[in-house]
Amino acid sequence: MGKYFTRERVGYMFGVLTRPLHSFYEIRHRDQGSVPLAALCVFLLSAAFTLNRIFAGFIVNDVNPRTVDGLEEMGAIFLILGLFCVGNWSVTCLMDGEGRLRDIVTVTGYAMLPAALLLGPATLLSLVIAEGETAFYAIVMGAGIAWTVILLLTGVMTVHNYTLLKTLVTLGLTFVAMLILVFIGLLILDLINQAYVFLYSIYTELIFRI
Amino acid sequence: MPLKRVCAALLLTAALIAGAAPAAGAGLVPYDTYNYDYWDFIVFTPAAYVPGRSVSGVDLGIGAFQNFQGMCVADDGAVYIADTGNNRIVILEPDLLSVRDVVDSFSWPDGSADGFARPHGVAAADGLMYVADTDNRRVVVLDGRAAVRVIRNPSSELLDANFDFVPLKVAVDYAGRVFVIARNMFQGIMTFDADDNFIGFYGTINVKITLWQRFWRVFSTKEERARQQLFIPTEFTGLDVDPWGFVYASNMDSEGVQAVRRLNPSGEDVIRTGENQNLGGDIELFAASASVYSGPSKIIDVAYRGQGIYSLLDSQRGRIFTYDHEGNLLYIFGGMGHQAGTFRQPTAIGAQENRILALDAFRNEIITFEETRYGALINQAVALRYGGDEALAVEAWREVLLLNENLELANAGIGKAYLTAGDNRTAMRYLKLGMDKSHYAIAFKRYRNEVLKENIGWMLTLLLAAVVAYAGWRSYRRRKRGRAPAGGLL
């Protein structure tokens, strides 16, 4: 377990924030990435997201606290990012991408770090701002999200050794792939459900006749 | 041992029954009383109005009412009822116990007698009575039993040459302008001046065509378009006029967003909407199946009740919705059913001092609703605020909160008073409970400045001390490093 959390690996995780191209290159080619650390980043993001929805200041917060479910939101974030990774992997496999699934997962997770780190301060800031100052809150939130998007873009670009244009095209295709994955997933679930209902009706029929 | 258990079970049952007893009090009225909170969730409230009496024509000794459609309460509290099926107008004393007059015939200035044919609407002002004499296609103005004016066959370039004038509802403002809702007249309320001339349409409701409908119209042929449903605005359903000549007009809104308009003398809608931008009665409209409990409210009449308060009557679910001048939903009561105090087929609503009247054309009874303490306190608080007396309103809001802690309007009202009084911290607490974000922001800003002002001294001192300490530490390090430059790793 210790090898996933070495000082060097953690260093590269934070290095992503300041020197993304270099760090992503090291992650891909010198094996400095860590999937558990990536999962930790996503966990931080989901925790910060839920805390923001519950505790952000009354003036900026338009979320009904009764509708917030932390576990559900964490599941949704992990599901969407997992879908993104698998979708990206399946597209880039066909488009000469050099990244392995492990690299894609690592890069996606690390890219969530700025959003996760800025959501907390933004939440604290929202507790001391009044109306007319909500722009500051929006700037902090926007900066975190923009930074995350840029990191995701450069990360995908670096691990696959793509040009920027090709990355953008791939990301578009990734979105389509995600939709297809969801569609197939629903299809399978429905199929399983129908099979279950079929078997269960045979069972009830038998029970009634015996 | 078994005896002990039996005793315990009995005690438990007794406790449960005792615990359940107060809850049964909520079922004293035969309908749901509720309101919507900031998130459009239903919050049940105490009853603002409870059923009073059911007054039938037989009780009054004038024979049963038949399918009555219109009602109006005069300034002195007398109730005018358009008894449609009996072709007469019934005037009741304010207490609804005795009949002041039954008008079933009147005389023209030349002395000839005449009667009504299925009158649907009636209005009373300045001692005159305005009757929408529907099947005779005219509006008759009576002084006692003498006709003084009549509006018939309006002609104008705005109207078709063969326009059939079928008046349903009528209202009149202080200047003698007559407002008429006519059948199949989608262009708006017809207005007539004091000399019975048609002036024009008033308060036209614009047709709403969705992008999707427009999209399909582009692709449909002329034949298809001819057979499609016409895009026509909804008709107005009910009228009332406030003392300043503003007309409250209800309509059926298929989207459940705005079912009432407040029209200024030039016909513009100047109604105010509350926090949720809704004036359509019920908000959550989507039940699992198409029952009476799904779909928007069908508002068929409106009554202006003074102090900016008005009530709407819903014929879909028999509910009465009451709003204040700011468009806040104050309380909801009423329902369909077979018990006393519920409706089968509500048709019109009117308001007396502290009583709401509604007509039920299936039972042919006037159903009255009496104000409870809860309703009276809300009415009082809203009236005080309407008059600009927020400080006095707070006392009423406080008492409302004792009866219903969940009323956001009351919390916000108290919060605003504290804000005016300068107690920002308490104001923040109440405004947050009242979900009033804009006023909360003001209170918060002032409170923050107060806290800063009180604490700025030691905060700045601390900051200064930190800066001095940091500078000292740096110079100490530098001196130390200067003494032993070779050993410095950091």
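1. A word on conventions: residues are numbered from 1 along each chain as its sequence is written, while chains are lettered from A and ligands numbered from 1 in the order in which they are written. As this is a predicted model, local features need pLDDT of at least 70 and side-chain atom pairs count only at pLDDT 80 or more, whereas totals for chains, interfaces and linings use all residues.

2. Chain B is divided into domain 1 (47-371) and domain 2 (373-474), with bounds from an automatic or database domain assignment. Their C-alpha centres lie 42 Å apart. The contact between them takes 13 residues from domain 1 and 9 residues from domain 2 (C-beta atoms, placed from the backbone, within 7 Å).

3. Between chains, 6 residues of chain A are in contact with 9 residues of chain B.

4. For secondary structure, chain B has 9 helices and 27 strands (DSSP runs, numbered from the N terminus: helices H or I, at least four residues; strands E, at least two). Strands β12 (residues 138-143) and β13 (residues 146-152) of chain B pair in the antiparallel sense over 6 bridges; pairing requires that DSSP finds at least two bridges. In this hairpin, B:G144 takes a positive phi near 70°, and B:R138 stands opposite B:R152.

Key
Two residues are in contact if their C-beta atoms, placed from the backbone, lie within 7 Å.
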